[in-house]
There are 2 protein chains.
Amino acid sequence: MPQHVAIQGFQGSFHEVAARQYFGAAPTLNFCATFGEVVAQVAGGRADAALMAMENSLAGSILPNYLLLERNNLTITGEVYLPIHQHLLALPGTTLADVQAVHSHPMALRQCGDFLSQYPAWQLVETEDTGLSAQLLAERQTPSVAVVAGAQAAEAFGLQLLAPAIHDDPNNYTRFLVLERAAEAQPVASPDKASLYFYTSHAPGMLAQVLTLVAGHGLNLSKLQSCPRPSQPWHYGFHADVEFDTPAQLGALLAELPRVTEELRVFGAYHRGSMEFEQETTNLKEGGHAELAEAALPRH
Amino acid sequence: MPQHVAIQGFQGSFHEVAARQYFGAAPTLNFCATFGEVVAQVAGGRADAALMAMENSLAGSILPNYLLLERNNLTITGEVYLPIHQHLLALPGTTLADVQAVHSHPMALRQCGDFLSQYPAWQLVETEDTGLSAQLLAERQTPSVAVVAGAQAAEAFGLQLLAPAIHDDPNNYTRFLVLERAAEAQPVASPDKASLYFYTSHAPGMLAQVLTLVAGHGLNLSKLQSCPRPSQPWHYGFHADVEFDTPAQLGALLAELPRVTEELRVFGAYHRGSMEFEQETTNLKEGGHAELAEAALPRH
């Protein structure tokens, strides 16, 4: 179990929730302002592991984070899926009529566009982090400010749920990867998923050949993300996630892939993250009235 | 020839250069602050066509623009490739020692990270547009400010090349699409490229089957971009660009694809954009001294 885990974001952020879900209460979390700093911490030994968002079910891949993965000697040892539920938080006693400005990370503000558009007079202020916005509100005690953040931020900083579940789309999930230094990470026992990167020659049909091999060995391609090749305009490498029943299937695929690829890297073999989500219940009061009990989100 | 073309950005922007390269001097350019406004202008009839950046050879696809394409009834009628050369511009007479702040679009600032990191005292100020930054500098006549922008912005606003070609990576190209309303656009005669969108069932190997058909009909897959399916977490649709010699190849592929896809859309059949770039020459003086003559960038 790692002692120090680097995450992007601060107390009350969704990265914190994902890290606690995966690692439990024991490790110290190293809060980082940027994804670059997260990767630098684990690559440089200041953290034993990192947890980094890689994609969101609505917004898609976070492409720069694939570059960070390519350029550092890290290996993926796990993944976490987290439903993203955004709430409007304020100081206890604040009403919607008191609010003049809403602070949050730009992504969180965008995810709540329908709700926020009902209040055109509110000033939207982009900040570094949802959790940090909540913390600053609690410190500064500004009744005219609300923040968009997760329930964990309300709990951490004693804020009230002024309006719960204000995200536009309930199908909002983020996938996080657990990263460790490749040279030191212990192989994961009995993995059922792997993340590969490959580059094929420009000859027509090479990508089809790769994917035919994947299917032929009975692996399921759960994700395929093209990424531009540095210094080779309009050439693309592919990050591919494959799911399998036995590690032997992965081994058989990896034995054949060099025949149809010019470059092949294995970024990690690990266990699939669970998509069975607990019902989010909290004893936080909605505007002082109601219990918040969001519906469980079943696996698609 | 369209009379009004909507572009993202303002006078002196790279979108302006790409639009003039494709449409010539005749059309009026409708400058828009956002990509959403660009698409709204053409979809709503305020512009006859739009030109929109879709990907950069270093940064990859602009994923939100694929969503804009999916959600409006537009068709692709052409494409433009443009080399992106960033320069440090300032008022005539300004020296590097005078500079205290550098204004530009965040993407342009990031593309010049190596150069800018040599001047840690400079304040970096993110703005809406490279061309707009140049215009404001010319209007405000602030000798302590420099901007990162293209040579076209220097020419448009009478600025000096304080440091030419400060972009980190010379392999910096942007691909733009030409968009028109699908209901009114004239079919492009003798196209040699098409942009498709397809979604397959989750059965293993379906994507391999699609790509095997593409290759089997002799088309070259020049781009494959996965995009999340709205309301279907971790399901992906694919935007695929295919190049071909004769439209009959495209027709044969399109006749077979419904057999292996659950959804299929053709976003346009058009002519490939040229990747043969003119040498960028300008009579702008570098710091008052030298002619700027950047090397021609050959096709890879």
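A:Gln225 lies in strand S13 of chain A, where strands (E, at least two residues) and helices (H or I, at least four) are DSSP runs numbered from the N terminus. The model is a predicted one, in which local features need pLDDT of at least 70, side-chain atom pairs count only at pLDDT 80 or more, and totals for chains, interfaces and linings use all residues. Residues are numbered from 1 along each chain as its sequence is written, chains are lettered from A and ligands numbered from 1 in the order in which they are written, and side-chain values use heavy atoms, with hydrogens and water left out.

With a relative accessibility of 1%, A:Gln225 counts as buried; buried means under 20% relative accessible area, exposed over 50%, and partly exposed in between, for a 1.4 Å probe and protein chains only. The side chain of A:Gln225 is joined to that of A:Ser61 by a polar contact of 2.8 Å. A polar contact is a pair of N or O atoms within 3.5 Å; within protein, one must be able to donate a hydrogen and the other to accept it, and residues adjacent in sequence count only if both atoms are side-chain atoms. Contact in general means heavy atoms within 4.5 Å. Apart from neighbours within four places in sequence, A:Gln225 is in contact with residues of chain A, including A:Leu63, A:Tyr66 and A:His239, and also with B:Gln225 and B:Ser226.

The relation between the two chains can be described next. Chain B can be laid on chain A with an RMSD of 0.1 Å by a turn of 180° and a shift of 0.0 Å along the axis. The two copies are thus related as by a two-fold rotation axis. In chain B, the C-alpha nearest this axis belongs to B:Ala208, at 2.6 Å. The superposition is by least squares on the C-alpha atoms of residues with pLDDT of at least 70 in both copies. Because 100% of the interface residues of chain B are also interface residues in chain A, the copies meet through the same surface.

Helix H8 of chain A spans residues 206-216, and its buried residues include A:Met206, A:Ala208, A:Leu211 and A:Val214. The cover over the buried residues of H8(A) includes strands S12, S13 and S14 and helix H9 of chain A, together with helix H8 and strand S13 of chain B. Just after H8(A), A:Gly218 takes a positive phi of about 80°.

Strand S12 of chain A contains A:Ser195, which is buried with a relative accessible area of 5%. The side chain of A:Ser195 makes a polar contact of 2.7 Å with the side chain of A:Asp241, and one of 2.7 Å with the side chain of A:Tyr270. Leaving aside neighbours within four places in sequence, the residues in contact with A:Ser195 include A:Ile76, A:Arg175 and A:Phe267.

In chain B, helix H3 (residues 63-71) has B:Leu63, B:Asn65, B:Tyr66, B:Leu69 and B:Glu70 buried. They cover an arc of only 155° around the axis, which puts them on the same side of H3(B); the arc is that of the directions from the helix axis to the C-beta atoms. On the other side of H3(B), B:Pro64 and B:Arg71 are exposed.

As to domains, the assignment for chain A gives domain 1 (87-171) and domain 2 (190-270), and their centres, taken over C-alpha atoms, are separated by 41 Å. UniProt places the feature "domain: ACT" (unreviewed entry) at residues 195-271 of chain A.

Technical notes. Domains from an automatic or database assignment. UniProt positions renumbered as here; feature names shortened; annotations may be inferred.
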